[in-house]
Each structure stands twice: as C-alpha cells, then as structure tokens.
Amino acid sequence: MGFRKIALIEEIPPGRTGYFCLDTGPVVVANVGGEIFALSGTCPHQQNPLEGATLIDDLLDCPWHHFQFDVRTGRNHFPGNVYPKDLPCAQAQLAPLEKYTVEIRDDEIWVDAG
Ligand code: FES
C-alpha cells in the first residue's frame with residue numbers, strides 16, 4: 001500500500017507514543033527527542049495491543065506486562081536481556097516488533113506499514 005499519513009507531528013510530542021489501526025494492522029509511533037519511529041502495534045508476548053505504551057528513553061514499554069523494545073531496531077530489550085538464550089519456549093515471545101519506514105512531510109508523519 002505504501003506510505004500513509006498517520007498523524008500530525010504535534011499530536012505525538014517528544015517522549016510520547018501514538019497508536020493507530022491501519023487496514024494492514026496496528027502501528028505504534030514513538031517520538032524520541034523529536035525523532036519519529038514506527039513499529040508494529042501488537043506485542044509478541046501475548047498479542048496484546050501496544051496502545052498506551054510508554055517510552056523510557058528509546059525503549060518502548062508495553063503497558064500489559066512491561067516487555068520493552070528498542071524503538072530503533074524493534075528488538076526485545078526486556079526480558080530478552082535476562083532470559084537464558086537457550087530457552088526455546090521464550091523465543092516467540094521475544095520476537096522483535098516489525099519496524100516501519102517513516103517520512104516527515106511538512107508537519108505530518110507518514111508511515112510505510114506494508
Ligand atoms: S502483552 Fe506486552 S508484555 Fe505482555
């Protein structure tokens with residue numbers, strides 16, 4: 001489908017997130033110090049929506065059980081940083097969030113979510 005307008009930049013100020021339901025699926029947008037990131041909006045832990053996720057620096061914190069994801073890569077930070085690496089049952093829960101390409105056009109956030 002390509003890029004779609006998600007929001008105005010002013011709607012997601014630094015340190016905040018926004019949650020949007022597109023026809024391709026939910027997207028969470030994070031503003032880290034003025035830099036905008038977009039990721040898939042479903043948490044791999046228990047498939048809950050990332051609506052209301054908060055930011056701790058550049059980590060996206062899931063509101064359900066506080067799994068944390070690096071907004072720059074989508075990779076799980078917590079609990080991946082403490083789980084044993086050879087714990088096969090945890091691998092699906094520790095899957096990364098898909099990262100989407102963002103473009104800023106004037107004062108608008110556009111996201112290519114596939
Ligand atoms: S659903 Fe996100 S941490 Fe459990």
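Leaving aside its neighbours within four places in sequence, which residues is C62 in contact with? Contact here requires that the C-beta atoms of two residues, placed from the backbone, lie within 7 Å, and by that rule C62 is in contact with C43, H45, L50, A53 and F67. The structure is a predicted model, in which local features need pLDDT of at least 70 and side-chain atom pairs count only at pLDDT 80 or more, while totals for chains, interfaces and linings use all residues. Residues are numbered from 1 along each chain as its sequence is written.

C62 sits in the loop between strand 6 (59–61) and strand 7 (68–70), where strands are DSSP runs of E with at least two residues, numbered from the N terminus. A residue is called buried if 20 or more other C-beta atoms lie within 10 Å of its own, exposed if 12 or fewer, and partly exposed in between, with C-beta atoms placed from the backbone; C62 counts as buried because it has 23 C-beta neighbours inside 10 Å.

Turning to the sheet, six strands form an open, antiparallel arrangement in the order 1-10-9-4-3-2, two strands being paired if DSSP finds at least two bridges between them. Strand 1 (3–8) and strand 2 (17–22) stand at the edges with a single partner strand each, so one side of each is left without a neighbour in the sheet. Strand 2 pairs with strand 3 (residues 25–32) in the antiparallel sense over six bridges, and Y19 stands opposite V28 in strand 3.

Leaving aside its neighbours within four places in sequence, V29 is in contact with residues including I6, F20, A38 and I109.

Terms used. Helices (H or I, at least four residues) and strands (E, at least two) are DSSP runs, numbered from the N terminus.
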